[in-house]
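Please examine the sequence and the structure shown below.

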Amino acid sequence: MVVPAGEAVPNALLRQAREAKNQTQDEVADGLIQLGARGVTGNLVSKWERGICRPSRFHRRLLCQYFQVTAEQLGFVGSSSPAVPEEIIRAALLEPAGASVKLSWLVWYGTADAAVVDRVTTLMDSLSEAVHSYEGPLRQPARQLLACGHEMLGKVAFDRLGYGTAYGHFLTMQHLGEQLGDASILELAAVHQGDLLRRRGDYELAVQRLESAASYAPQATDAVEGLRNQTLARAHAENGRKEAFRRSIEAAEAKALELQPGQHDWGSEFGLMAVLHEKAHGYTLLWEAEQALNIYAETEAALRMASLRDLGNFTILKAQAHAYAGNVDVGVKLGMDGLAFARRYGSPRHVSRVQRMHDRLSETPIGTSARMRDLAEALRAA
């Protein structure tokens, strides 16, 4: 930071620390570069010593590391402008940024706008650099915001079937939760990891990851614990474990019924409607599709104001239920409608759901239907 003319105060302690190491200003600059600084020169070190400009927080941290002394011993404490209270900084910067990430998720969820993802990525790059160079009280809420951003980017990558990228984001989210000691972040990261393992076909590992996360439940929010049970139910249903499915989905439904207004996980993915649709889908996969269709009939009216993605998901769920119930013509038509929705909001994951429906039914007598061949053609076109 450049100091206004007439306000320069030489930093004798910084100069003395350099002289104690018997080093030139150029040698100090080279040492800082080796620690990760960029563009530091002997001339810049000279300006710091003469008080013409003040080192940034990042450079102050590196200087302390280089000389192996405290900020006080280098004359940095009290050398900057009067401190702005942390709560003001949080209100002015971090809280709006957190709201921006959550709003970005909702915008992307409804429109699949790639520009929204780019903006969040840029924000997180800047925030990550700040977290690594900042040691104050705001580091904790900044880490929470980073975890929220990694969750969003992980879910976006998952939707694009970029499993490796998604898992990397969820693993970073887990590491941030460990640094924070935040049970909700840790459990939510485990839920996403388990769901990704499920989607890749590794049932045993998925269940192991999801069940291990139960240790966080006493300190985590009800919404996150409910989402864990909902995801477990999905894994059990896909693998024909009827009793395990029922236990998990009943636990998820109980949590959903206990939620107070405004309580939800960060991505707003958990709620009674989501649980009921998961329950119905489980019945479909367990070849009890009539029960699924009854649930869909009871909940359809509530989706009139839903987003395009929610409508697409619901259409695909109904397609599967009708097809499994033997209503092949209706199931295939709805499946094609679901593909049209998925193309509009650009979701390879939703296209893959229709593909999995086709692949599973192809191994049954239903697969010989001429309408199933029509669905195969539609999938090739998608």
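## Basis of the model

This is a predicted model, in which local features need pLDDT of at least 70, side-chain atom pairs count only at pLDDT 80 or more, and totals for chains, interfaces and linings use all residues. Residues are numbered from 1 along each chain as its sequence is written, and side-chain values use heavy atoms, with hydrogens and water left out.

Side chains of opposite charge can pair when their charged atoms come close. A salt bridge is defined here as a side-chain nitrogen of Lys or Arg within 4 Å of a carboxyl oxygen of Asp or Glu. By this rule, the structure contains 23 salt bridges.

One of them joins arginine 349 to aspartate 195, with 3.4 Å between the closest N and O atoms. This pair links distant parts of the chain, 154 residues apart: arginine 349 belongs to helix α17 (residues 348-362) and aspartate 195 to helix α9 (residues 183-199). Helices (H or I, at least four residues) are DSSP runs, numbered from the N terminus. Both arginine 349 and aspartate 195 are buried, where buried means under 20% relative accessible area, exposed over 50%, and partly exposed in between (1.4 Å probe, protein chains only). Asp195 and Arg349 also belong to a network of salt bridges that includes Arg198, Arg234, Glu238, Glu278 and Arg356.

Aspartate 329 and arginine 371 form another salt bridge, at 3.8 Å from N to O. Here, too, distant parts of the chain are linked: aspartate 329 is in helix α16 (residues 328-344), and arginine 371, 42 residues apart from it, is in helix α18 (residues 370-381). Arginine 371 counts as partly exposed because its relative accessibility is 25%.

Arginine 246 and glutamate 243 meet in a salt bridge of 3.6 Å, N to O. Both residues lie in helix α12 (residues 242-258), 3 residues apart, which is about one turn of the helix. Arginine 246 has a relative accessible area of 26% and is therefore partly exposed.

## A buried glutamate

Glutamate 151 is located in helix α7 (residues 139-159). Its relative accessibility is 2%, so glutamate 151 counts as buried. The C-alpha atoms of glutamate 151 and tryptophan 105 are separated by 9.7 Å, although the two residues are 46 residues apart along the chain.

## Cysteines

How many disulfides does a search of the whole structure find? The search finds 0 disulfides, a disulfide being a pair of cysteine sulfur atoms within 2.5 Å. Cysteine 53 counts as buried because its relative accessibility is 10%. Cysteine 148 is also buried, with a relative accessible area of 8%.

Key:
Helices (H or I, at least four residues) and strands (E, at least two) are DSSP runs, numbered from the N terminus.
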